[in-house]
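Have the structure open while you go through it.

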Amino acid sequence: MREGLDQWNFVIAAYAVTIAGTLALVAWSWLAMRAAERRRDEGRRK
Amino acid sequence: MHGFANPARFLRIARWLTPVLLLSGLAVTTAALVYGLFFAPAERLQGETVRIIFIHIPTVWLGMAGWTTIAVASFVELVWRHPLAGIAARAAAVPGAAFTALGLATGSIWGRPAWGTWWVWDGRLTSFLVLLFLYLGYIALADSIDREGGSSRIPAIFGLVGAINIPIIHFSVTWWNSLHQPPSLTTGGSAMAAPFLWGVLAAVLGFSLLFGGVILARMRAILARTQAEARLRRKALEG
């Protein structure tokens, strides 16, 4: 039982690192794209 | 292929394709990870830790796919001078580095219960760590050339030369003695049982869709910044 609990700790740590890292990468890339395109479009209107 | 090198045509496609790839990637990845965490069976020898396979294989695959993208785009940039090829190579660098780091982290977390150690300096792990350093070097080089000026051919040559590490990573477990298992998925078949194989393939598909969406988003950001800077330069010359 003790061994089973320890195994789940490793599984949860690996999933948490991957999910957090992937979501951060997606959010950062999407927001940077939106900001860059907004700046470009504002420059065109001026 | 030359038709897609036109930035205006690329933007017309990328505007609808980016959210499609990201949303479908999120849906498929979520389904695969829920299956991996809650529905996949435990394995006889590895117990519950086998569930790490559903995130370790996709992240490692994308770490290698990222550098392959850089190498192919660099080749196209050097040979055909496609304007978008260099942008594609730069856009693949950060996501490739991120997935390489995640592959190393998940492998290390898996190694502790499976091998009794977080890290060993064997061929597979060391060549994969070298891949992370190659990414960091490429990002620093491309960034400095963007800021300081210089030939965009330099990072392209670096991207091509660094590709030599990809077959070394792939064959490292057959060339040298290693704690790491041989490849589970090859063109000749799979060493995995069906409940793991289909879940892993779904996770690889989901993460790959996300990876494609992230690369398109980063290409669009680089293009927008380049267009804004070109407009400012034109205005300065006119004024």
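Two residues are in contact here if their C-beta atoms, placed from the backbone, lie within 7 Å. With that cut-off, B:I53, B:F54, B:I55, B:I57, B:P58, B:W61 and B:L62 in α2(B) meet a set of residues in α7(B), among them B:F196, B:G199 and B:V200. Keep in mind that this is a predicted model.

**How confident is the prediction?**
- The model as a whole scores ipTM 0.90 and pTM 0.92.
- Chain B has a mean pLDDT of 91, with 95% of its residues at 70 or more.
- Within chain B, confidence is highest in α2(B), at 96, and lowest in strand β1 (residues 185–186), at a mean of 68.

**Where α2(B) meets α7(B)**
- These two helices pack with their axes 9 Å apart, at an angle of about 45 degrees.
- An angle like that makes α2(B) oblique to α7(B).
- As for handedness, α2(B) passes α7(B) in a right-handed crossing.
- On the α7(B) side, the contact also includes B:A203, B:V204, B:F207, B:S208 and B:F211.
- Sort the residues of this contact by class and you get 13 nonpolar, two polar and no charged.

**Where α2(B) meets α5(B)**
- Helix α5 of chain B covers residues 153–162, and its axis comes within 8 Å of the α2(B) axis, crossing at roughly 130 degrees.
- That makes α2(B) oblique to α5(B).
- The crossing of this pair is left-handed.
- From α2(B), the residues involved are B:W67, B:I70, B:A71, B:S74, B:F75, B:E77 and B:L78.
- They meet B:R153, B:A156, B:G159, B:L160 and B:G162 in α5(B).
- By class, this contact has seven nonpolar, three polar and two charged residues.

**The side of chain B that touches chain A**
- Between the chains, 30 residues of chain B are in contact with 23 residues of chain A.
- Elements of chain B that give two or more residues to this side are α1 (7–39), α2 (53–80), α3 (83–115) and α7 (194–238).
- Which element gives the largest share? That's α7(B), with 11 residues.

**Worth a look in the viewer**

Terms used: Residues are numbered from 1 along each chain as its sequence is written. Chains are lettered from A and ligands numbered from 1 in the order in which they are written. This is a predicted model: local features need pLDDT of at least 70, side-chain atom pairs count only at pLDDT 80 or more; totals for chains, interfaces and linings use all residues. Helices (H or I, at least four residues) and strands (E, at least two) are DSSP runs, numbered from the N terminus. Axes are lines fitted to C-alpha atoms, for helices over the stretch in contact, and angles run from 0 to 180 degrees between N-to-C directions. Angles under 35 degrees count as roughly parallel, over 145 as roughly antiparallel, 65 to 115 as roughly perpendicular and the rest as oblique. A crossing is left-handed if the near helix is turned anticlockwise from the far one by less than a right angle, and right-handed if clockwise. Ala, Val, Leu, Ile, Met, Phe, Trp, Tyr, Cys and Pro count as nonpolar, Asp, Glu, Lys and Arg as charged, and the others, Gly among them, as polar. pLDDT is the predictor's confidence in each residue, from 0 to 100.
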